[in-house]
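This briefing covers ring pairs and helix packing in one protein model. Look at the sequence and the structure before reading on.

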Amino acid sequence: TKVWLNAGTKLRYPVKFIGKERRVELTGEAYFDVTRDEDVPFVVETSRSAVTVLGTEFCVRDYAGEANLTTLVQGSVSVEDQRGNAYLIRPGQQVNIGKEGSRVLDVETIYFTSWKDGYYKFRQATLKEIMTTLSLWYGLNVFYQNESAKHVEFTGKVKRYEDVGNLLRKFEQTENVVFNRKGNNVIIQLK
């Protein structure tokens, strides 16, 4: 089994798995490529879900203040939310556990897993969604001078390890937004 961890992520696991399951605890975001073992299922426990698999590839996102997302790339997983509802999903589906409840969505998995390959791909994502991810990667504190700036949408692909100043300049070139950066603080406003 292989696991890729995203920024701000903690994964707890035993030195050796003993018993009838391979259980880990996740806070943050991780991509899992789980070795198949029908006799010993793999369980990812988060603050709002438990994902049970036999062997598959999937991504789990569980950051505080955001929806809990389990996105399936291949294989099959069962996701149980904190209310005890269980969802069996197929590749290209996602269980979204938010404040309003849980739901299964059909998604393009690349938009939820590209980070593990060193880039962030997004389509019609709001600036708030994009900056939430970039703030995790680069340790930024983001402030909006205009509430409407949060809702400006972008489509594109950025390298994960590129200088954050270069990334912000690229966003400025494509839309009517300005980024004022002082250290780790970024203030965003409309032009």
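Ring pairs link Tyr120, Phe122, Trp137, Tyr138, Phe154, Phe171 and Phe179 into a cluster. Rings of Phe, Tyr and Trp (its six-membered ring) pair if their centres lie within 6.5 Å. The model is predicted, so local features need pLDDT of at least 70 and side-chain atom pairs pLDDT 80 or more, while totals for chains, interfaces and linings use all residues. Residues are numbered from 1 along each chain as its sequence is written, and side-chain values use heavy atoms, leaving out hydrogens and water.

**Aromatic pairs**

- By the ring rule, the count is nine aromatic pairs.
- The rings of Trp4 and Tyr31 are edge-to-face, with centres 5.5 Å apart and planes at 75 degrees (planes under 30 degrees apart count as stacked, over 60 as edge-to-face and the rest as tilted).
- Trp4 lies in strand β1 and Tyr31 in strand β3, so this pair ties together parts 27 residues apart in sequence (strands are DSSP E runs of at least two residues, helices H or I runs of at least four, numbered from the N terminus).
- Tyr31 is buried, at 2% relative accessible area, whereas Trp4 is partly exposed at 30% (buried means under 20%, exposed over 50%, partly exposed in between, with a 1.4 Å probe and protein chains only).

**Helix packing**

- Helix α2 (residues 127-138) and helix α3 (residues 164-174) pack at about 165 degrees, with axes 12 Å apart (axes are lines fitted to C-alpha atoms over the stretch in contact, and angles run from 0 to 180 degrees between N-to-C directions).
- Ile130, Met131, Leu134 and Tyr138 of α2 meet Val164, Leu167, Leu168 and Phe171 of α3 in this contact (heavy atoms within 4.5 Å).
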